[in-house]
Amino acid sequence: MSHEAVLHAHESHGHDDHGHHEHHDTFLTKYVFSQDHKMIAKQFLITGMVWAVLGGLMSVLFRLQLGYPDASFPWLEAILGKWAKGGQITPEAYYALVTTHGTVLVFFVLTAGLSGTFANFLIPLQIGARDMASPFMNMLSYWFFLAASIVMMSSLFVETGPFSGGWVAYPPLSALRDASPGSKSGMDLWIISMALFVVSSLLGGLNYIATILNMRTKGMSMTRLPLTIWALFFTAVLGVLSFPVLLSGFILLIFDRNFGTSFYLSDIFVNGVGALSNEGGSAILYQHLFWFLGHPEVYIILLPAMGMVSEIMSVNSRKPIFGYMAMLGSLFAIAVLAFLVWAHHMFVTGLNPFLGSVFVLLTLLIAVPSAIKVFNWLTTLWRGNIRFTPGMLFAIGFVSLFISGGLTGIWLGNAALDIHLHDTYFVIAHFHIVMGVASMFGMFAGVYHWFPKMYGRYLNNSLGYMHFWVTLAGAYMIFWPMHYEGLAGMPRRYFDFSIWESFKQFAELNRFISTVAMIVFAAQLLFIINFFYSIFKGRKVTDPNPWKSNTLEWTTPINPGHGNWPGEIPEVHRWPYDYGKDGVDFIPQDVPVGDHESSH
Amino acid sequence: MSNVTTASTKEAKWWNGGKSPFDVEYGKVMMWYFLMSDAFTFGAFLIAYGTVRFSTNGWPNPNEVFKSYPFAGEGTNAPLVFVSIMTFILIISSVTMVLAVHAGKMMDKKGVVRNMIFTIIGGIAFLSCQAWEWNHLHHEGAWWGMNPFINADGTASSTNFTNFFFTITGFHGFHVFSGVVINIIMLIMTLTNQFEKRGHYLMIEKAGLYWHFVDLVWVFVFTCFYLL
Amino acid sequence: MSNHDTHEHGDPIAEIKKVTIILSVLTIVELILGFWMIGVTSEGGRLAIKGTIVILMLAKAFYIVAYFMHLKHELKNLIMTIVVPLALFIWFITAFLSDGNSFRNLRNTYDPHFKAQSTIKVEAKEGHHGEEGTKEAAPAKAAETEKK
């Protein structure tokens with residue numbers, strides 16, 4: 001907290017800003033080795049966007065294969081070389097693409113890109129702090145993430161290709177170097193990258209928790225925190241408690257790969273001959289360890305989106321969030337349940353059926369807090385003065401997707417149904433809608449809503465509306481049909497379905513899905529263009545509080561410097577959802593409570 | 001959740017913002033939560049060990065594996081002796097660490113220096129013991145992927161006994177080693193009067209938390225590998 | 001939590017001495033139990049001793065965390081945020097170990113290779129291991145004993 005509060009009102013141009021009183025920022029200290037939480041947030045966001053484009057491009061490539069399994073695209077060979085011999089993606093390349101797409105989107109985009117961006121950006125601004133508890137660790141957190149990114153990126157270029165055993169990296173494909181081409185050095189780099197990523201998320205998470213607990217401004221009690229902060233808090237707790245388990249699992253995996261151990265290797269026979277020198281381990285153990293992180297990870301991805309959606313909905317409906325304490329309680333319940341349900345990913349791996357039934361029960365319990373949240377969002381909208389900004393549309397889209405995807409979660413949570421649906425396109429449809437696209441929508445909502453705070457300019461609204469409608473319609477068109485394919489038994493992770501008589505009926509549908517996927521990908525490029533254009537050329541923000549919002553970040557100058565508030569940090573006197581109270585449109589948190597004010 | 005509401009109304013002074021609800025600075029909060037996440041790292045290791053042991057029919061008898069000590073003859077049969085020495089070394093170094101923290105609170109530089117030196121010596125002694133034990137087992141043919149010991153029931157043992165032993169004690173040893181490094185840095189900072197200038201020895205407290213955690217983990221490792 | 005005061009809880013040095021003695025006694029009791037267990041062959045007896053050792057281990061952990069790490073003298077707020085998440089370990093341990101046990105049963109039922117591997121007796125490689133290695137008479141019974 002010893003930061004000198006510095007004011008520089010307009011820093012939109014020039015990286016060599018001399019507006020400081022104390023010290024001069026060079027390009028390096030301002031944009032590269034920055035310890036300002038706002039800059040680190042932007043670093044996370046832009047790195048995440050780079051990965052999102054790459055990951056999206058990968059999905060376009062493998063959708064091309066699934067939609068047009070017989071066609072040949074000479075330009076593919078020109079780009080991918082031996083990975084697309086004769087203009088058709090090879091099976092090895094297909095698996096590598098699927099694996100990298102999953103890893104990158106889950107960890108780099110929706111974990112680092114989402115909570116890395118918004119936890120860094122919003123926590124100090126919304127709780128009234130000058131910066132994170134430890135700005136230095138915050139910087140390290142980004143740098144570890146970047147290192148992880150670079151290592152992952154380099155794994156794409158090794159001779160034998162990147163890891164291709166699925167983003168869950170189950171042994172033996174991940175544990176035996178000779179299991180597949182991608183299991184060689186591609187997997188080494190994959191695992192190093194993930195280890196660096198765990199360190200990054202740990203550094204970040206500890207910082208977020210300590211900041212939220214210790215650095216709140218005067219009057220900002222825990223129940224006056226915006227729901228965004230609560231969501232980011234639980235996200236950080238989930239990360240801090242579950243990522244280390246993944247790290248342990250990976251360390252054991254490294255030993256299995258490189259030092260002749262058999263933690264995860266039970267016994268394997270090839271043509272009746274034992275293929276392992278050491279045996280007796282348990283492959284199910286890896287799955288347990290992986291999903292002990294893997295399931296909380298789903299909520300690490302989802303909770304920040306939930307928090308931001310709650311905030312954006314309340315602001316743009318001009319109504320207090322419905323059931324603040326219920327929202328908070330359900331966030332807490334989801335966070336706790338997230339740790340208790342991991343084995344529902346493992347119903348068909350030889351899990352003890354009785355244990356499985358306990359996991360079914362716990363899994364289905366998640367429906368309760370989820371439903372509470374959904375109904376609270378809907379009742380927040382009810383009779384509100386809704387402003388359909390692009391951010392608000394994405395928030396509403398999030399709720400729609402969360403309902404559609406969440407309902408199929410109840411199907412999959414049943415062990416009996418899961419035996420049929422496991423590893424089919426039904427699962428793909430479920431988790432892409434509820435976790436992938438929904439969290440993406442939360443992220444888009446956040447970017448559209450807080451872009452004026454980040455860069456002092458607005459994103460272009462028309463492009464935003466186009467982006468929203470194409471993405472929403474496209475997401476449903478891509479993933480809705482997959483439910484039917486899955487129910488018909490079409491398995492996931494298959495290179496080519498055209499050789500099965502029973503799946504031939506889906507050829508046209510697959511082509512349709514692939515076409516829509518390309519259109520949706522193009523729409524995302526629209527967003528990228530909008531984003532970078534608006535940073536430099538967007539309409540300037542003139543009102544410090546453009547959305548007429550109550551939270552503290554809008555009490556800072558339009559372009560806050562390092563330290564956020566030029567003067568004193570404002571004191572907080574009320575909760576953040578006083579919209580339409582006593583006939584007043586909105587009452588920011590730093591306004592003292594009046595004499596005749598009713599209590600909420 | 002009702003906890004939060006009551007805390008914000010009744011005990012308004014801790015949760016109302018503007019100060020730490022725990023009355024400690026952020027570094028200590030972070031250290032505690034780091035240790036908690038590290039507890040999950042070790043927890044995962046030990047639980048993985050338990051899981052593999054539960055999914056295996058036989059397991060070597062620790063009393064037949066760990067039965068020697070330095071300078072003992074070939075046929076020595078002294079189970080638990082050497083490891084109990086190691087355990088006591090770590091407990092005593094933990095005690096001297098508490099004394100160093102206490103001396104820090106009293107702003108007693110000499111006391112801090114003396115006890116930090118004892119703690120560092122204890123840490124190095126523990127590491128030496130571990131090095132000897134690893135070396136001894138290695139000479140008997142045990143390593144990652146190699147297990148010369150047979151199960152207690154006389155059947156062939158999988159290599160997972162040694163795999164887990166070396167991985168987990170190695171990971172713990174790595175923590176001890178980094179703890180010793182941190183303690184040496186703290187000692188140097190004390191000697192150069194850094195903490196005197198700051199007016200508090202909070203860094204020693206945080207290093208102390210880490211060191212006690214290392215001791216705490218050993219309590220579990222010791223029990224799981226040598227006793228159970 | 002209103003009576004929080006860093007200088008309030010008696011003489012710290014005396015407390016450190018007391019806790020050191022408690023930890024040493026607990027360790028010695030653990031070791032005695034460990035030595036005792038070498039001679040115990042009944043499954044129930046070994047299980048009881050192991051259970052006692054685990055309880056003693058938790059007691060040691062409590063004293064280290066509460067006194068050496070000073071948690072007992074922190075505010076209740078901090079204590080709760082540390083202790084409550086650790087409750088996750090209950091389900092963590094229960095689920096993992098019970099599934100490990102189930103996996104062993106599965107393998108014994110459906111994996112003849114695994115079953116054969118764990119019933120074939122072997123001679124220990126070195127002489128001084130062999131004499132203890134063959135002393136158990138009933139392999140199946142001993143396997144049952146060792147699983148816990």
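Colleague: So a residue is buried if 20 or more other C-beta atoms lie within 10 Å of its own, exposed if 12 or fewer, and partly exposed in between. With that in mind, which residues are buried in helix 16 of chain A?

Modeller: This is a predicted model, and in it the buried residues of helix 16 of chain A are Asn510(A), Ile513(A), Val516(A), Ala517(A), Val520(A), Gln524(A), Phe527(A), Asn530(A) and Phe531(A).

Colleague: How far does helix 16 of chain A reach from its first C-alpha to its last?

Modeller: It runs over residues 507-537, which is 31 residues, and the distance between its end C-alpha atoms is 45 Å, close to the 45 Å expected at 1.5 Å a residue.

Colleague: Staying with the inside, which residues have the most contacts in the largest nonpolar core?

Modeller: That core holds 262 residues, and those with the most contacts inside it are Ile209(A), Leu232(A), Val309(A), Phe398(A), Ala438(A) and Ala445(A). If you leave out residues up to four places away in sequence, Ala445(A) touches Met308(A), Val309(A), Ile312(A), Gly391(A), Phe394(A), Ala395(A) and Phe398(A). There is also a second, separate core of 14 residues, and Ile89(A), Ala93(A), Tyr95(A) and Leu97(A) are among its members.

Colleague: How does the pLDDT of chain A average out, and where does it stay under 50?

Modeller: Chain A averages a pLDDT of 91, with 96% of its residues scoring at least 70, but over residues 1-22 of chain A the pLDDT stays under 50, although the model has 41 contacts beyond four places in sequence for that stretch. Where pLDDT is low, the predicted coordinates should not be read in detail.

Colleague: Changing topic, how many helices and strands do chain B and chain C have?

Modeller: Chain B has 9 helices and 0 strands, while chain C has 7 helices and 0 strands. In chain B, buried residues make up 56% of the 228 residues, and the C-alpha trace spans about 65 × 50 × 25 Å along its principal axes. In chain C, 23% of the 148 residues count as buried.

Colleague: What about contacts between residues at least 6 apart in sequence, how many join residues at least 24 apart?

Modeller: In chain B the share is 67%, and in chain C it is 52%.

Colleague: How many residues does each chain bring where chain C meets chain B?

Modeller: Chain C brings 57 residues to that contact and chain B brings 50 residues. On the side of chain C that touches chain B, helix 1 of chain C gives the most, with 12 residues, and by class that side has 31 nonpolar, 15 polar and 11 charged residues.

Colleague: And how many residues of chain A are in contact with chain C?

Modeller: There, 12 residues of chain A are in contact with 13 residues of chain C, and the side of chain A that touches chain C has 7 nonpolar, 4 polar and 1 charged residues.

Colleague: How far apart are Ser24(C) and Lys60(C)?

Modeller: They are 36 residues apart in sequence and 9.3 Å apart in space, taken from C-alpha to C-alpha.

Methods
Residues are numbered from 1 along each chain as its sequence is written. Chains are lettered from A and ligands numbered from 1 in the order in which they are written. This is a predicted model: local features need pLDDT of at least 70, side-chain atom pairs count only at pLDDT 80 or more; totals for chains, interfaces and linings use all residues. Two residues are in contact if their C-beta atoms, placed from the backbone, lie within 7 Å. Helices (H or I, at least four residues) and strands (E, at least two) are DSSP runs, numbered from the N terminus. Ala, Val, Leu, Ile, Met, Phe, Trp, Tyr, Cys and Pro count as nonpolar, Asp, Glu, Lys and Arg as charged, and the others, Gly among them, as polar. The expected span of a helix is 1.5 Å times one less than its number of residues. A nonpolar core is a set of buried Ala, Val, Leu, Ile, Met, Phe, Trp, Tyr and Cys residues joined through C-beta atoms within 7 Å. pLDDT is the predictor's confidence in each residue, from 0 to 100.
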